[in-house]
Amino acid sequence: MKKALTLLIALALVFSLCACGQKAASDETVVVAVESTPAPFGVESTPVPVTLYQGDDNAEKLVQVPCELDELTAQAVLDKLLELGVLSEAVTVNSFSVNEQNIAVLDLGRSFQEQVSRMGTAGEYIMVGSLVNSIISAFGTDGVALTIDGSSLETGHEIY
């Protein structure tokens with residue numbers, strides 16, 4: 001629980017810093033090779049083992065779920081979260097990169113905001129927490145800056 005609280009505080013800090021008006025030269029996003037390339041024709045790709053997160057049966061805390069992805073991409077992580085029931089409908093990744101501070105910069109389509117906005121406080125905590133923890137775990141980043149179509153994620157409970 002302490003780790004989850006620390007993560008939420010860190011996320012709030014990251015989101016508030018991302019919302020600042022001007023960018024310093026050191027805040028520029030640097031694309032790091034995190035998206036995988038498809039295997040050549042006739043060559044079978046090896047599944048990528050990852051640890052993703054979802055809510056427990058009572059939606060009280062996040063639990064780890066060992067999974068395998070066909071390829072390590074942000075979209076593959078979201079697709080697996082849909083399969084696990086964390087997301088109620090497909091979400092599109094508009095862009096994904098990792099900046100110089102090892103923060104994943106993830107821009108999603110509006111459907112994610114719509115899903116989160118329909119949730120109560122506990123559901124929002126589980127959905128956003130599962131997504132953020134899964135991205136951090138899969139890509140080994142220190143945090144996630146999450147936006148919706150280039151703007152801050154706003155729900156009925158929080159502005160991220």
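At 59% relative accessibility, Glu83 counts as exposed, where exposed means over 50% relative accessible area, buried under 20% and partly exposed in between (1.4 Å probe, protein chains only). The model is predicted, so local features need pLDDT of at least 70 and side-chain atom pairs count only at pLDDT 80 or more, while totals for chains, interfaces and linings use all residues. Residues are numbered from 1 along each chain as its sequence is written, and side-chain values use heavy atoms, with hydrogens and water left out.

**Salt bridges**

Helices (H or I, at least four residues) and strands (E, at least two) are DSSP runs, numbered from the N terminus. Lys80 has a relative accessible area of 16% and is therefore buried. Leaving aside residues up to four places away in sequence, Lys80 touches Leu52, Cys67, Glu68 and Leu69, with contact meaning heavy atoms within 4.5 Å.

The whole structure holds three salt bridges, listed here.

| Salt bridge | N to O distance |
|---|---|
| Glu89 and Arg118 | 3.1 Å |
| Asp149 and Arg110 | 3.7 Å |

Asp149 lies in the loop between β5 and β6 and Arg110 in helix α3, so this pair ties together parts that are 39 residues apart in sequence. Asp149 is partly exposed at 41% relative accessibility, and Arg110 is partly exposed at 36%. The bridge between Glu89 and Arg118 also links distant parts of the chain, with Glu89 in the loop between α2 and β3, and Arg118 in the loop between α3 and α4, 29 residues apart. Glu89 is partly exposed, with a relative accessible area of 31%, whereas Arg118 is exposed at 53%.

**Sheet and helices**

Four strands form an open sheet in the order β3-β4-β5-β6, with mixed pairing; two strands pair if DSSP finds at least two bridges between them. At the edges are β3 (93–98) and β6 (151–152), each pairing on one side only. Strands β4 (residues 103–108) and β5 (residues 143–148) run parallel and are joined by six bridges. Within this pairing, Ile103 has Gly143 of β5 as its bridge partner. Helix α3 (residues 110–117) packs on the sheet and touches β4 and β5, its direction making about 100° with that of β5. Helix α2 lies across β3 and β4 and runs at about 120° to β3. For these angles, axes are lines fitted to C-alpha atoms, for helices over the stretch in contact, and angles run from 0 to 180 degrees between N-to-C directions.

**Core and aromatic pair**

The largest nonpolar core has 35 residues, of which Phe96, Leu106, Leu108, Phe112, Leu131 and Ile135 touch the most other members. Such a core is a set of buried Ala, Val, Leu, Ile, Met, Phe, Trp, Tyr and Cys residues joined through side-chain atoms within 4.5 Å. Helix α4 gives the most to this core, with eight residues. Among the contacts of Leu131 are Leu78, Leu106 and Leu146.

One aromatic pair is found in the whole structure. Phe96 and Phe139 form this tilted pair, with 4.7 Å centre to centre and 45° between the planes. Rings of Phe, Tyr and Trp (its six-membered ring) pair if their centres lie within 6.5 Å; planes under 30 degrees apart count as stacked, over 60 as edge-to-face and the rest as tilted. Phe96 is in strand β3 and Phe139 in helix α4 (residues 121–139), 43 residues apart. Both Phe96 and Phe139 are buried.

Terms used. A salt bridge is a side-chain nitrogen of Lys or Arg within 4 Å of a carboxyl oxygen of Asp or Glu.
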